[in-house]
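This report describes parts of one protein model. Please keep the sequence and the structure in view while reading.

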Amino acid sequence: MTDDNANPDDRTVAALTDVMTVLDSIAQGADAPDLYLVVSGSGSAYLVDTAEGRCECPDDTHRPVECKHRRRVAFAIGERPILEWVNPAALDDQFGLHVNADRRRAVADGGDVRTPSDESKGTGSASGPLAVEADDDPRTKRAKREDIDVSFLTKPGRYEVYSASGRIYEVDVIEKTCSCPDDAARCKHLRRVEIEIRAGLVPRPDGRLPDA
Ligand SMILES: [Zn+2]
Ligand SMILES: [Zn+2]
């Protein structure tokens, strides 16, 4: 991608900075290693097939281009090094959070360097917002430990939660409700969303991005 490195086009910039979540372990992507679900900041979700080089969005379907979703997946899974000129602060906060890949950055000699994912953001890391504390109750412990993906919907206060089992629940942090069958006052999904909001891992309920 030498040309792109020197002269990034709008789709590459969008791929790096737009709010998008790349999910590789849920829904149709669950047992297909080449399929990724990309959820945009507007709540649209598109399936990207990296083997076929296709995305189901209108941009990719109707134009002879590589859409921003395919580019984002390539960056997020480390297949394409993140361009040298990119200011890390400009990267979308969701970068690499939900895919099992290390972020890579291009370096001047053309090789690339692996940057360990940000400790505070890694699921199951020993410290950070998802660290299990001794006095957490059992649902909070599960909320922190399980492989749960949270993404922000455009509706105020609504988040979509992808559980480790592949189910999708809708959490409303304003009404304090969740669409899952757990009838406890605050299920693990609601707890997980609240933890991620506090930690700045997902946008706040008003849709504003957390201050980095
Ligand atoms: Zn697309
Ligand atoms: Zn729930």
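## Strands 3 and 4

Strand 3 (residues 45-49) and strand 4 run antiparallel and are joined by two bridges. Val-48 has Cys-55 of strand 4 as its bridge partner. The model is a predicted one.

Thr-21 has Val-39 in strand 2 as its bridge partner.

## Side chains of strand 1

Which way do the residues of strand 1 (residues 20-23) point? Met-20 and Val-22 point one way, while Thr-21 and Leu-23 point the other way. In a regular strand, side chains alternate between the two faces of the sheet. Met-20, Thr-21, Val-22 and Leu-23 are all buried.

## The zinc ion (ligand 1)

Which residues hold the protein donors of this ion? They are Cys-55 (SG), Cys-57 (SG), Cys-67 (SG) and His-69 (ND1), at 2.1 to 2.3 Å from the zinc ion. The angles among the four donor atoms are 105 to 112°, and the site is tetrahedral. Along the chain, the donors follow the spacing C-x1-C-x9-C-x1-H.

Cys-55 is in strand 4 (residues 54-55) and His-69 is in helix 4 (residues 68-76), so this pair ties together parts that are 14 residues apart in sequence. Cys-55 counts as buried because its relative accessibility is 5%, under the cut-off of 20%. His-69 is also buried, with a relative accessible area of 5%.

## The zinc ion (ligand 2)

The protein donors of the zinc ion (ligand 2) are Cys-178 (SG), Cys-180 (SG), Cys-187 (SG) and His-189 (ND1), which lie 2.1 to 2.3 Å from the ion. This site is tetrahedral, with angles of 104 to 114° among its four donor atoms. The donor spacing along the chain is C-x1-C-x6-C-x1-H.

Cys-178 belongs to strand 10 (residues 177-178) and His-189 to helix 6 (residues 188-198), so the pair ties together parts that are 11 residues apart in sequence. Cys-178 is partly exposed, at a relative accessible area of 21%, whereas His-189 is buried, at 4%.

Terms used
Residues are numbered from 1 along each chain as its sequence is written. Chains are lettered from A and ligands numbered from 1 in the order in which they are written. This is a predicted model: local features need pLDDT of at least 70, side-chain atom pairs count only at pLDDT 80 or more; totals for chains, interfaces and linings use all residues. Side-chain values use heavy atoms; hydrogens and water are left out. Buried means under 20% relative accessible area, exposed over 50%, partly exposed in between (1.4 Å probe, protein chains only). Helices (H or I, at least four residues) and strands (E, at least two) are DSSP runs, numbered from the N terminus. Two strands pair if DSSP finds at least two bridges between them. Donors are N, O and S atoms within 2.8 Å of the metal (3.2 Å for Na, K and Ca); water is not among the atoms, so sites may look incomplete. Four donors count as tetrahedral if all angles lie between 85 and 135 degrees; four count as square planar and six as octahedral if opposite donors are over 155 degrees apart and all others between 65 and 115; anything else is irregular.
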